[in-house]
Amino acid sequence: MKADAETLYGMIVEFEDVPLLMTAVSKCRDFGFTKWDVHTPFPLHGMDRAMGIKPTRLPYLVLGGGLMGLAAGTAMQLWMNAIDYPLNISGKPLFGIPANIPVMFELTVLVSALTVFFGMWSMNGLPRLYHPLFKSRRFRRATQDRFFIVIEAVDPKFELEETRKFLASLGGNVIEEVTENPED
Amino acid sequence: MKQSVIDPLNNTVDDPTRPTELVLGGQSYTTITETVADIALEQKTPKAWYVAFAFFASLTGVLFLMIGYLIVTGVGVWGLNNPVSWGWAIVNFVFWVGIGHAGTLISAILFLLRQKWRTSINRFAEAMTIFAVVCAGLFPAIHVGRIWLVHWLFPIPNYQAMWPNFRSPLLWDVFAVGTYALVSLLFWYTGMVPDLATLRDRAKGRVRQIIYGTLAIGWRGSHRHWHRYEKAYLLLAGLATPLVLSVHSVVSFDFATSQLPGWHTSIFPPYFVAGAVFSGFAMVGTVLIPARQWFGLKHLITLHHLDNMNKIILATGSIVGFAYATEFFIAWYGGNPYESFAFVNRAFGPYAWAYWTMVTCNVVTPQLFWFKKIRTNIKVMWVMYIFVNIGMWFERFVITVTSLSRDFLPSSWAYYKPTLIDILTFVGSFGLFFTLFLLFVRFLPVIAMAEVKTVMPIADLAGDENRPAGDYHGDIHPKRRKGDK
């Protein structure tokens, strides 16, 4: 497959072996690529450091979601049972904290969990059903038993021949160019 | 790792110097993928599957017929009578919700405790949770009588300008079970996305590619994604842990906050949670053993896994037994004549047969799991699981019915008997549960492939030095730990 340089998405290199991949990833990080990624069938630890990824802000988002759930749960019960339609049952307080704890707790957990779920997928830019990488047959093994490093063509340090040489020096199996709109 | 056993699939001999191998038979990433993905994609559906599916789908049909009959006729078709106004509907509800708990325990609590053996069974267990909660949710919905007013359970503005009473434990139930169902579903689906992507990438037909592709929402194993994904998974586990403990506690409040002797006890929340985990593990085992047999998963769901599950059944079963004893002790020690009557009545009254069935199944049976021979014998343990399932259903029956049928006023006592409709509805709920389960084992990744790959001993990477990173979090690759800078 001969790629047209203008529609080139990037270059992928395949690995079979985890330690070799780890070393290669560190080299890519040190080379100074910014638009690049590693695709693996399962999470590899130490990879964050090898790639130089900063910790995600997701937990703060979830903390916010949880607090919102708590506030909403409290406000809802206060409004419904004590203000809008006060129900006097056996002379118990209209808004007693103990009786309201279960619903407060459940809504805290519910909104937190929804924030985790939707927050994580949207931060990852998913759902995204089409991606140039899916056009590569070889890349299908990224969800099975192979590991890939992908350098995107938009990376400022990307030079077709230079990058190919660099990737070849990493010790991976096969280097492949992936285009944005290849002919099948 | 050398093990002094003849059976290559027996990894129940503990060598304290090495972690137990959780994946047997010299598997590689490739073979794991093939084994699991081919169940959904390549394998010819076993004939037994069709037979089982036809059978359970018919039972599901019976369930919906019964529900239809109930709706058009009214709750009079059930065996409820004047003192026993809560019958099988609530018993079945508590039973099914309890079943679900093992799934969350395996997926969330064992995850936080870094019990790596959970990886092979968590997908099964989580699926079971969701299907059990589906069955559970059915009963409160249909038992309200006027089912077309079921939305009154929720705080939705309605034409009466009235709100639900948040001081009622029955309303807490709505929130607890609703949250539980939704969070379990999110957890299950989040865990499944990478595996659905594997199925998408292996699927041959166009239709399957589209379906799995849509479900996989474009997952491509990017490490920048994995990075957030793992954090999200950890957060979901952290949220699901207190949630699962809260759910059965709230369910037990339905009973414990009432004034009825035998219900009004503070031991209920922990005792219900232990019982839930106990029954849930038994149900996981009930479905896991045939599945691992039929789909050739013995090297992934090993005897070590089953052995560990049986130990949890033993532990929680003992807690349940201890709780029964404590209830009796407090009934006597508390000096409340109604309370002590309720308990003597349980053991020696008209429902003694149910009580002793429960004790035999829940207290005596699990004690056999002290013996390793029994913990590692597939056939025996499966029979034991059935006993536990029966026992835990009877526990809910005993709690609900004995206290109601003989309360404070002897003139209002009555004996409760289920009708055929009650029985068929309950049997039908098993049909629904197993139908969903059969669909799951046929079409979805039954084992969390991505997770299993993280706990594999890799044959071609000798020594711990090169062992790939272990669990989903915190387990730093040995090489990286020494610092690469």
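**Exercise 1. Salt bridges**

Over all chains, a search of the whole structure finds 13 salt bridges, a salt bridge being a side-chain nitrogen of Lys or Arg within 4 Å of a carboxyl oxygen of Asp or Glu. The model is predicted, so that local features need pLDDT of at least 70 and side-chain atom pairs count only at pLDDT 80 or more, whereas totals for chains, interfaces and linings use all residues. Residues are numbered from 1 along each chain as its sequence is written, chains are lettered from A and ligands numbered from 1 in the order in which they are written, and side-chain values use heavy atoms, with hydrogens and water left out.

Task: Describe the salt bridge of A:R146 with A:E16, and state where each residue lies.

Solution. 
- Step 1. The closest N and O atoms of A:R146 and A:E16 are 3.9 Å apart.
- Step 2. A:R146 lies in the loop between α4 and β3 (147–152) of chain A, and A:E16 in the loop between β1 (8–15) and α1 of chain A, so the pair, 130 residues apart, links distant parts of the chain. Helices (H or I, at least four residues) and strands (E, at least two) are DSSP runs, numbered from the N terminus.
- Step 3. A:R146 counts as buried at 12% relative accessibility, while A:E16 counts as partly exposed at 47%. Buried means under 20% relative accessible area, exposed over 50%, and partly exposed in between (1.4 Å probe, protein chains only).
- Step 4. Both residues belong to a network of salt bridges that also links A:E14, A:R138, A:R141 and A:D145.

**Exercise 2. The interface**

Task: Characterise the interface of chain A and chain B.

Solution. 
- Step 1. In contact (heavy atoms within 4.5 Å) are 76 residues of chain A and 69 residues of chain B.
- Step 2. The count of salt bridges between chain A and chain B is zero.
- Step 3. Which elements give two or more residues to the side of chain A that touches chain B? They are α1 (18–31), β2 (36–39), α2 (47–51), α3 (58–84) and α4 (97–123) of chain A.
- Step 4. Of these, α4(A) gives the most, with 17 residues.

**Exercise 3. A glutamate in chain B**

Task: Is B:E327 buried or exposed, and which residues does B:E327 contact?

Solution. 
- Step 1. B:E327 lies in helix α9 (residues 303–333) of chain B, a chain with 16 helices and zero strands.
- Step 2. The relative accessible area of B:E327 is 5%, and B:E327 is therefore buried.
- Step 3. Leaving aside neighbours within four places in sequence, B:E327 is in contact with residues including B:G262, B:T265, B:F343 and B:R346.
- Step 4. Of the 485 residues of chain B, 60% count as buried.
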